[in-house]
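Welcome! Please take a moment to look over the protein shown here, then read on for a guided tour.

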Amino acid sequence: MTISIRHFGRWDRPMVGVHVAADGGARARARFLLCRPLGQEAVRSAAVFRVAGERLSREGVESLRFDYHGTGDSPGDESAQSLDDWVQDTLAAHELLAGDGELPVHWFGMGLGAVTALRAALLARHPPRHLVLWEPVFKGSDYLDALVAGHKAELSMMFAQPWEQIAGSGKVAEPTVPGDVLGFELGDRLVAELRALPELNVLPALRRGLRITCAVRGDQPHPFNGHAGLPTLTLHTVEHPTDWMSSQAMGTAIAPPDIPRVLLSTLN
């Protein structure tokens, strides 16, 4: 298995990615772009993306996982980022991976990375053949609320006290957005975009001819019930739900086994 670090992107938006070639030196049969989520979810799901890349490699598929500009190992001002910029970053990563265009390219996005991938797929000159959206953010305002709630939950765990008691003691400041939430800075522009983000809508991408697989939790409502009969949309119930905002997910070396299985199923 050949793993290499790739530096790419515009001069003013440099990025870093990890490319994993098809195992055994044989010509790859497909390519997969792996789009990570935001902040702590990206940190805590790192093993998922590493394992996915390794499994794809063993099955003759090369992959590229990358950090958007201003996130992870990519340089840039964290507080100055936006969804629109990350869409352009995703397109740049796609162009790098697609190369000569001779092999089909598929995309996998988790959390907010799924939303970014869906938006980018509508703009790509040569869109991905299949798009896998894993537990995508359904609505931006709900996602912001979840981030703040997750921050409070982590503090409650740290101090072994209910949040109301911690807040009343004045030990820590109330988490707000824009601001630092779960150890990452959410800037004005990103927060404004998330607050204005409507409910996730896959229909424009389906009309463009993309095949889409959406992985959702069985115990949570989602906006896809009305589309269940569409032939190019597949719904998958997540078999091992994980709260990637929680520190309980930190350091997990076991990636949900249905992720690589679903990714490989899109190649058929």
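Predicted model: local features only at pLDDT ≥ 70, side-chain atom pairs only at ≥ 80, totals over all residues.

Residues are numbered from 1 along each chain as its sequence is written, and side-chain values use heavy atoms, with hydrogens and water left out. Helices (H or I, at least four residues) and strands (E, at least two) are DSSP runs, numbered from the N terminus.

**The sheet**

- Strands of a sheet pair through backbone hydrogen bonds, either parallel or antiparallel.
- Here, eight strands make an open sheet with mixed pairing, in the order β1-β2-β4-β3-β5-β6-β9-β10; two strands count as paired if DSSP finds at least two bridges between them.
- At the edges sit β1 (3–8) and β10 (233–237), each of which pairs on one side only.
- On average, neighbouring strands of this sheet are turned by 20° against each other, direction ignored.
- β1 and β2 (residues 15–20) run antiparallel and are joined by six bridges, and F8 stands opposite M15 in β2.
- Helix α4 packs on the sheet, where it touches β3 (30–35), β5 (105–110), β6 (130–134) and β9, and its direction makes about 145° with that of β5; contact means heavy atoms within 4.5 Å.
- Helix α9 (residues 258–265) also packs on the sheet, touching β3, β5, β6, β9 and β10. The direction of α9 makes about 160° with that of β6.

**Helix against helix**

- Two packed helices are described by the angle between their axes and the distance between the axes.
- Axes are lines fitted to C-alpha atoms, for helices over the stretch in contact, and angles run from 0 to 180 degrees between N-to-C directions.
- Angles under 35 degrees count as roughly parallel, over 145 as roughly antiparallel, 65 to 115 as roughly perpendicular and the rest as oblique.
- The axes of α5 and α7 (residues 188–196) come within 6 Å and cross at roughly 125°, which makes α5 oblique to α7.
- G140, S141, Y143 and L144 of α5 meet V191, L194 and R195 of α7 in this contact.
- The axes of α3 (residues 83–98) and α7 come within 8 Å, crossing at roughly 90°, which makes α3 roughly perpendicular to α7.
- In that contact, L83, D84, D85 and W86 of α3 meet R189, L190, E193 and L194 of α7. These residues divide into four nonpolar, no polar and four charged.
- As for the classes, Ala, Val, Leu, Ile, Met, Phe, Trp, Tyr, Cys and Pro count as nonpolar, Asp, Glu, Lys and Arg as charged, and the others, Gly among them, as polar.

**Pockets and a cavity**

- On a 1 Å grid over the protein atoms alone, a cavity is a set of points where a 1.4 Å probe fits but cannot get out, and a pocket is an open set with protein on both sides within 12 Å along at least five of seven lines; lining residues have an atom within 4 Å of a point.
- Grid points are joined across faces, edges and corners, and a volume is the space filled by probe spheres set on the points.
- The largest pocket has a volume of about 720 Å³, and its lining has 30 residues, with E135, P136, A146, Q220 and M245 nearest its centre.
- α5 gives the most to this lining, with eight residues.
- The lining of the largest pocket has 16 nonpolar, six polar and eight charged residues.
- The second largest pocket has a volume of about 270 Å³. Its lining has 22 residues, and L38, G39, A42, T71 and G72 lie nearest its centre.
- There is one cavity of 30 Å³ or more, and the largest cavity holds about 80 Å³ of space.
- Among the residues lining the largest cavity are Y143, L147, F184 and M245, while α1 supplies the largest share, three residues.

**Two backbone details**

- Most residues other than glycine have a negative phi, and most peptide bonds are trans.
- The peptide bond from V177 to P178 is cis, with omega near 0°, and P178 lies in the loop between α6 (163–169) and β7 (179–181).
- A160, in the loop between α5 and α6, has a positive phi near 55°.
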